[in-house]
Amino acid sequence: MQPQITETLTLPMPDGQSVRGIINYMPQSQPTPVVVFAHGFGSTRMGEKSLALEAECARRGWAFAACDFRAHGASDGTMTELRGSRLLEDLDAITRAAVQRAGGPLFLVGSSMGGWASAWFAAQHPDRVTACAFVAPGFRFLEFLRLNDEERQAWQRTDRLRVQNEFIDLEISYGLVAEAEKFAFAELTQAFRTPSILFHGMADDIVPYEISLAFAAACQTNLLQVWLSKDGDHRLSNKTAWLAKETCDFFTRHVSA
């Protein structure tokens, strides 16, 4: 097998900012399956899940692309500019660049916030996405369900919300949640028809696994596998290699779809 080409991507966006990342692909004329990884809120393309998927794709001779969403990692932008609509713009540019180089079929893997973006992208572009994998997906990411009315009103009044946990400490604008009406969970489940595999930990204290079960029950695809880990947390970090293999095994069954 020939060595893969690793190309650095710098993708210009309509606002003049750039999305940055990498793609690995084989130097050949035949179309190659391409896996695009979409990372979580406050994370980057260089997380454990991304690296495990990159290695698994390399073993199979598949292309792999991962970029930082704007406001994350090496890409331009600030967290106060973060919007759901911008995530979808970024994913559109990333997937176009990936398919241009590898040919396809295109597979999406979304973690947490990236799961929200991947699900909406697949729902809006069913002709472009062959299958998806979701890891602790934040299907209701824009709703910030844990905020009470007083906290939500304070956020709207100040236009700033500080988000802190063991992994992140950052501020976001109210403009992020103001887009929630355009991306209703019920509309997502009615539009989503893409074959998928979903992984979620039942000990996840950031995104409740019940949201994944609600999505699975309501979405319009019959080709959905759900895997729950009773002791798994939000990151499922002790299962990354296994997740990567299970994901790519699932995708293999849809390569010729």
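Because the model is predicted, local features are reported at pLDDT of at least 70 and side-chain atom pairs at pLDDT 80 or more, while totals for chains, interfaces and linings use all residues. Residues are numbered from 1 along each chain as its sequence is written, and side-chain values use heavy atoms, without hydrogens and water.

Helices (H or I, at least four residues) and strands (E, at least two) are DSSP runs numbered from the N terminus. Helix α3 has 12 residues and spans 17 Å from its first C-alpha to its last, close to the 16 Å expected at 1.5 Å a residue; the expected span is 1.5 Å times one less than the number of residues. Of its 12 residues, 11 are buried, where buried means under 20% relative accessible area, exposed over 50% and partly exposed in between, with a 1.4 Å probe and protein chains only. Among them are Met 113, Trp 116, Trp 120 and Phe 121.

Aromatic rings come next. Rings of Phe, Tyr and Trp (its six-membered ring) pair if their centres lie within 6.5 Å; planes under 30 degrees apart count as stacked, over 60 as edge-to-face and the rest as tilted. The count comes to 18 aromatic pairs. Trp 116 and Phe 183 form an edge-to-face pair, with 5.1 Å between centres and 75 degrees between planes. Since Trp 116 belongs to helix α3 (residues 113-124) and Phe 183 to the loop between α5 (175-178) and α6 (185-191), the pair ties together parts that are 67 residues apart in sequence. Both Trp 116 and Phe 183 are buried.

The rings of Trp 155 and Tyr 174 lie 5.4 Å apart at their centres with planes at 85 degrees, so this pair is edge-to-face. Trp 155 is buried at a relative accessible area of 1%, and Tyr 174 is buried at 18%. Together with Phe 41, Phe 141 and Phe 144, Trp 155 and Tyr 174 form one aromatic cluster.

Finally, the strands. Two strands pair if DSSP finds at least two bridges between them. Strands β9 (residues 196-201) and β10 (residues 224-229) pair in the parallel sense over 6 bridges, and Leu 198 of this pairing stands opposite Val 226 in β10.
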